[in-house]
Amino acid sequence: MEGAFTGPVGGCRGSRVGSVVSQCPRTPAVADCSGRKDLELMADEEARISATGGADAVADRGGDDGSHPQQTPRASSRRKALLRRLVRVSLVVVGVLGLITVGAGIWAWTVSAGHIQVAGESGEDSDTAGAPVAIVLGAAVHADGQPSPWLSYRLDTAADLYTSGRVEAILVSGDNRRVGYDEPTVMRDYLTSKGIPSQAIALDYAGFDTYDTCVRARRIFGIERALLVTQDFHEPRAVAICRSVGVDVGGVGDSRARRDRISWAVSWTRERLATIKAAADVVSRRDPTLGRRETSVGEAIVWTREHRR
């Protein structure tokens with residue numbers, strides 16, 4: 001018969017009726033042809049999706065060679081906006097801290113103005129100004145029990161004040177909160193080695209910072225007027241604190257610490273921040289470690305008056 005099928009039907013190679021090519025017949029044997037076409041279409045679609053997703057992933061994480069990721073304009077804009085916001089906040093914080101620092105410094109210099117002299121550098125009448133007691137602020141003590149150089153300078157200044165007759169007693173105030181660390185005792189021993197009678201020396205074991213020393217001098221030791229001994233760069237803050245809590249002090253500053261220029265510069269910078277804390281302490285009127293009233297300063301003054309020639 002003309003136009004008979006050429007080739008097996010199951011292979012679905014096609015059939016001819018005359019010169020016309022027909023579709024594969026819908027028989028179980030040849031349905032495989034349609035299924036293959038569907039699978040090919042799905043495979044092509046998946047390939048396009050994978051290609052698009054892969055490109056996006058590469059853009060997000062950068063190339064395999066470690067190159068930077070490609071940022072979209074929207075992401076770049078968000079990053080820039082966040083950076084600008086952080087810069088503005090940082091500038092505001094720095095500005096506020098600057099204003100607080102300047103304000104605290106103005107307070108310290110204003111309150112202490114006219115009440116500070118540098119030991120050995122003035123030939124004015126202030127060199128002979130006296131008070132019943134000299135208050136020496138504590139500083140670091142070495143592990144071998146010797147005062148640090150800066151503390152030695154303070155104690156030398158206090159010894160000069162006593163031997164010259166400008167004060168009648170010396171209150172050494174420092175830290176003794178840890179076992180084996182005793183600033184006041186080391187300070188007293190140093191002064192006695194310089195010829196100062198131990199009876200003329202009173203000890204404050206809870207002078208943990210300048211504010212504590214000043215408050216305790218007034219409320220525990222009953223001091224109303226004194227000469228305050230520390231380094232010259234520390235004097236404005238120390239004098240301002242003491243005068244703000246009710247002690248009429250004049251500062252006698254040691255300037256020999258300037259020989260160590262690096263340490264002096266670091267301490268001077270630190271002093272600017274410490275002044276902020278001092279102003280906060282004065283405003284808050286916080287209570288330091290207090291305890292019972294002490295009579296040792298009064299007794300030291302009486303002893304000196306009785307034995308000084």
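## Strands, links and charged pairs in a predicted model

At 38% relative accessibility, Asp248 counts as partly exposed. This residue belongs to a predicted model, and its side chain meets that of Arg243 in a salt bridge, with 2.8 Å from N to O.

**Charged pairs**

Side chains of opposite charge can pair when their charged atoms come close. The count for this model comes to 16 salt bridges.

| Pair | N to O distance |
|---|---|
| Arg219 and Asp287 | 2.9 Å |
| Arg237 and Glu271 | 2.5 Å |
| Arg243 and Asp248 | 2.8 Å |

The salt bridge of Arg219 with Asp287 has its closest N and O atoms 2.9 Å apart. This pair links distant parts of the chain: Arg219 is in helix α5, Asp287 is in the loop between α7 and α8 (296-307), and the two are 68 residues apart. Arg219 counts as partly exposed at 40% relative accessibility, whereas Asp287 is exposed, with a relative accessible area of 53%.

Arg237 and Glu271 form a salt bridge at 2.5 Å, N to O. Arg237 lies in helix α6 and Glu271 in helix α7, so the pair ties together parts that are 34 residues apart in sequence. Are these two residues buried or exposed? Both Arg237 and Glu271 are buried.

Salt bridges also link Asp209, Asp212, Lys277, Asp281 and Arg286 in a network.

Helix α6 is mostly covered, with 8 of its 10 residues buried. The buried residues are Glu235, Pro236, Arg237, Ala238, Val239, Ala240, Ile241 and Cys242. After α6 comes Gly246, which has a positive phi near 105°.

The structure holds 1 disulfide. Cys214 is joined to Cys242, with 1.9 Å from S to S. The Cys214–Cys242 link is left-handed, with -80° about the S-S bond. Distant parts of the chain are linked by this pair: Cys214 is in helix α5 (residues 210-219), Cys242 is in helix α6 (residues 235-244), and they are 28 residues apart. Cys214 and Cys242 are both buried.

In strand β5 (residues 169-173), 5 of the 5 residues are buried, so β5 is largely enclosed by the rest of the structure. Both faces of β5 are covered: Ala169, Leu171 and Ser173 are buried on one side, and Ile170 and Val172 are buried on the other.

Strand β5 pairs in the parallel sense with strand β4 (residues 133-137) over 5 bridges. Ile170 in β5 stands opposite Ala134.

Which residue of β6 is the bridge partner of Leu171? The partner of Leu171 in β6 is Ala202. From β5 the chain goes through helix α4 (residues 183-193) to β6, and this β-α-β crossover is right-handed.

Strand β4 is likewise largely enclosed by the rest of the structure, because 5 of its 5 residues are buried. Its faces are both covered: Val133, Ile135 and Leu137 are buried on one side, Ala134 and Val136 on the other. Strand β7 (residues 225-231) runs parallel to β4 and is joined to it by 4 bridges. There, the bridge partner of Ala134 is Leu227.

**Surface and loop positions**

Val89, Val92, Val93, Val96, Leu97 and Ile100 make a nonpolar surface patch of about 500 Å². One of these residues, Val92, is in helix α2 (residues 73-112). Val92 counts as exposed because its relative accessibility is 52% and exposed means over 50%.

Asp260 is placed in the loop between β8 (248-254) and α7 (261-284). At 38% relative accessibility, Asp260 counts as partly exposed. The C-alpha atoms of Asp260 and Trp150 are separated by 10.0 Å, while these residues are 110 residues apart along the chain.

Key. Residues numbered from 1 in each chain as written. Predicted model: local features only at pLDDT ≥ 70, side-chain atom pairs only at ≥ 80, totals over all residues. Heavy atoms only, no water. Buried < 20%, exposed > 50% of the residue type's maximum accessible area, 1.4 Å probe, protein only. Pairing = 2+ DSSP bridges. Right-handed = clockwise from strand over helix to strand, strands pointing away. Patch = residues over 30% accessible without salt bridge, like charges linked within 9 Å, V, L, I, M, F, W, Y side chains within 5 Å. Areas by Shrake-Rupley, 256 points an atom, 1.4 Å probe, with all protein chains shown as cover. Salt bridge = Lys/Arg side-chain N within 4 Å of Asp/Glu carboxyl O. Disulfide = S-S within 2.5 Å.
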